[in-house]
Amino acid sequence: MHAWLTEALRESSHVVTANRRLARVLTAEFARQQLALGRSTWRTPTIRSWQDWLGNLLATAALTQSMPARINSHQSRVLWERCLHREVADPLLNMSMLVRQARESWARMHEFTAPLSACEASAIGRDQHIFARAARSYQSILAGENWVDEACIAGQVTGLIRNASVDLPQRVTFAGFDRLSPQVMAVIDALREIGVIAAEAPRPTTVRKAIIHRYENPDAELRAAGAWARNELQESPDQVIAIVATHLEQNAERCARLVREGLAPGWQHGGPEHQAAVNVSYGGRLSAYPAIAIALLALRWLQNDLTGRDVSLLLRSSTISSHRTCGRSRLELSLRRVPDRSWSPAMLLGYLDGCDDTPDARDWLRRVKTIDKLRADLPRRATPSAWVELIDNTLSKLNWPGERSLDSQEFQLTNRWRELLNDLARLQLVSSTMTLAEVLQRLTTMAAETVFQPESGSAMVQLLGPLEAAGMQFDRLWISGLSAANWPPPGRPSALLSRELQRRYGMPDADPDDTLDYARRVLARLVASAVHVEGSYPLTDGDAEQTETGLLRDLSTQSAADPTDPGWYATKLVSVTNPVFVAMDPVPPVSDDESISGGAATINHQLREPFSAFAYGRLGIRPLLGISSGLVASLRGSLIHDALSNLYSESPSQAEIASWDEASRQERIELSLRAAFVRHERYADPVLRALLQLERQRDAELLRQVITLDTARKPFRIAQVEASLDVLLDGIRLVLRIDRIDQRDDGKSVILDYKTGLRKAFRRSDGMPNDMQLVVYACAVSEPVIGLGLINVDSRSVDIDAAGTEFTPELDWSETLSRWKQEVQVAAKDLRRGDVRINGLLDRQAARSLSLLSRIAELRREV
């Protein structure tokens, strides 16, 4: 392949490519050719992409003569923002998008050698006039400061070549250019004027037939392409195989996953080598990589408080602090138990202090303390280089990017981050000082705009976009997405340059004929780039029907049997031909020394669905709480419970409660609420503090209503609040916590449980308790129990719903309670013997938390 390459690089000649990927491919190909010639050493070839070649010539010339200072894309962006802000002050304007469009239009003007005066003269409409004025300001800044940006480098190099001010080889070969713009042609003409041989690399001209296939949808199409590549490699492992995916840049990762499904079924379980089987030409945004996202998030904490969700990410990430996360995971669970808020480092340290004492938790909190100290000593303004030093120092103190050794991709990612920090420091050329907020915003924008594509070893299959494949050659090529909707693609003329100007200077997509002609040339180049070519298109894409592109009529095509879409690998695991075998693994009985968690709730689970009792009580599984804003129902209930416990902590009798005058009631209620709310108010932000104040007012009224309710009952004394008791049921020991036990003068007890939220009834229509929790409590109390009940505490209702001699005289209470206790004993016996039956009648919401473990949905389908 690329037989012209060795000749083109004789006598230290240069090869200039349209993109960096092609430069890497040609460098590797040249090495293979030298080895094939029997050479063990050779001169490193000069194969560079267009922009790198221009930059190298400019840098070389600057060593011997005075040259304008070159500014990079990030410095250019700052200048464009400044110029555009002078022209438009609309706060709702997406300045980031406008800057990107302005820079693209500026680059296109220079690429097609359109003078700024022509742009100004042809501008129509507000947007084009704004751009023209901003471009004039931008040009004036460059001229006044003697700077040159990336768009102007080619013009500078053209002048250097004509003046013989730069050393050049005898030959320069240009490879992979689908369209030689006037800017490139100006450089080529200048080279020829001084006697340098400037030529295009030979293009494959063999007319080959492309085999066209059809598939149901784009997913099936790419899976089939992967399966085709797998079959080709099995026949000949040394082949160079590529798959071209239209619009790859829009969702490169998804396209790669689909190709892997066909190429390496089960790749998810195969390790890094299976992941690397497909080399994708289009990288991801630097800010989208987890390590970089965590670094940006941690740095944001220097300036602003973070939400609970953000802190949760920092706690769970292995890229800062220790690689151990057990203690940090427990800290994160503690964070989930409280309402979300804006957490400052100091506020978080105060809340999490003492929550976990494991080494990794202490280490993480020490690093948070570092951020807190740094926040206190931040300068108001500093140079970009000083900020970069602080940023690097901060990340170092956080132990970013972690303790473990980095693999090749992680190492490249870290280096690219450091290059980005260097680019940030270079902003000092265009912005002498900045605030921390400005620096962090600039760094975040730079990371979002930087595309990172790690270099990797030789993959089995290359996944490319149509333009990335320019100049490359393959043994086998599959071109996907050959539908009329994709070929030709929609034109993208510049919105900031007049259409008349674009037509006059021959800019891309200036009219539909240009778009069509360019698409035709790209497709013809792809078909000619491989010995064997197959293409495909989907019959549907979403809800839209698709047809093959009309551009195929310009090519030689033929039909053949469509390679089979292998489908999703996961479906094969449950297919009829590959059945799932259920292992006989019975749950053992509860051992004598086994601890059962959950208390009375475990018995409730056993009565409703034995499997959930096994999961919650014996395995200790708990649903992961979501991080919620505001006062969630569970927190409001907890505040009421704590306040009521505080209110009756001295175990008053009914008579004593009734004797409290208004002032005494008010004082007791205030003290009870203060004790209940203090731990939540201590680390609350202003918004949460306001919500807690409103909740405190609501709870004060509810406590008054509970007092009124208690004074209307028959005489009693509160014996215990928040009573902690153990009970042994059929050999199973449960730890219980009872909200309240009232005792009559005769020593008999009434067990009560507070319920917040919607009103709850103690018994169902059939007379059985809705919840056996109070019956379990009755089994644990040594005194005779003459009543069980719920005290509903809510703004809509404060009342007692109970059963017993006081509340339901029509019942034979002794017999009823005995029967209910027997139900509890049977449930405990079933739990002890290892009962894990699944209740198929549970509604979806009730079964949801354990559905992955119980497989209830699959079991219902099987039934």
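R100 is partly exposed, with a relative accessible area of 36%. Partly exposed lies between buried (under 20% relative accessible area) and exposed (over 50%), using a 1.4 Å probe and protein chains only. The model is predicted: local features need pLDDT of at least 70, side-chain atom pairs count only at pLDDT 80 or more, and totals for chains, interfaces and linings use all residues. Residues are numbered from 1 along each chain as its sequence is written, and side-chain values use heavy atoms, with hydrogens and water left out.

**Salt bridges**

- A salt bridge is a side-chain nitrogen of Lys or Arg within 4 Å of a carboxyl oxygen of Asp or Glu. The count by this rule is 60.
- R100 pairs with E104 in a salt bridge, at 3.4 Å from N to O. E104 is partly exposed, at 40% relative accessible area.
- R100 and E104 are 4 residues apart in helix α5 (residues 95–111), so about one helical turn separates them. Helices (H or I, at least four residues) and strands (E, at least two) are DSSP runs, numbered from the N terminus.
- D363 and R366 also meet in a salt bridge, at 3.3 Å from N to O. They sit 3 residues apart in helix α17 (residues 359–376), so they too are separated by about one helical turn.
- An α-helix has 3.6 residues a turn, so residues three or four places apart point the same way.
- Within the second pair, D363 is buried at 13% relative accessibility, whereas R366 is partly exposed at 48%.
- D699 forms a salt bridge with R698, with the closest N and O atoms 3.7 Å apart. D699 is buried, with a relative accessible area of 0%.
- One network, joined by salt bridges that share partners, holds D710, R713, R740, D742, R744 and E806.

**Helix packing**

- Two packed helices are described by the angle between their axes and the distance between the axes. Axes are lines fitted to C-alpha atoms, for helices over the stretch in contact, and angles run from 0 to 180 degrees between N-to-C directions.
- The axes of α5 and helix α7 (residues 125–145) come within 11 Å and cross at roughly 70 degrees. Helix α5 is therefore roughly perpendicular to α7; that class covers 65 to 115 degrees, with under 35 roughly parallel, over 145 roughly antiparallel and the rest oblique.
- From α5, the contact uses A102, S105, W106 and M109; from α7, it uses F131, A135, Y138, Q139 and L142. Contact means heavy atoms within 4.5 Å.
- The residues of this α5 and α7 contact divide into 7 nonpolar, 2 polar and no charged. Ala, Val, Leu, Ile, Met, Phe, Trp, Tyr, Cys and Pro count as nonpolar, Asp, Glu, Lys and Arg as charged, and the others, Gly among them, as polar.
- Helices α15 (residues 326–336) and α16 (residues 345–352) pack at about 100 degrees, with their axes 11 Å apart. Helix α15 is thus roughly perpendicular to α16.
- L331, S334 and L335 of α15 meet L348, Y351 and L352 of α16. The residues of this α15 and α16 contact divide into 5 nonpolar, 1 polar and no charged.

**Buried sites**

- In helix α30 (residues 773–780), 7 of the 8 residues are buried, so the rest of the structure largely encloses this helix.
- The buried residues of α30 are Q773, L774, V775, V776, Y777, A778 and A780.
- They pack against α24 (600–608), β18 (717–729), β19 (732–743), β20 (749–756), β21 (785–794) and α31 (813–832).
- S431 lies in the loop between α19 (408–425) and α20 (436–449). S431 is buried, at 16% relative accessible area.
- Not counting residues up to four places away in sequence, S431 touches R82 and P384.
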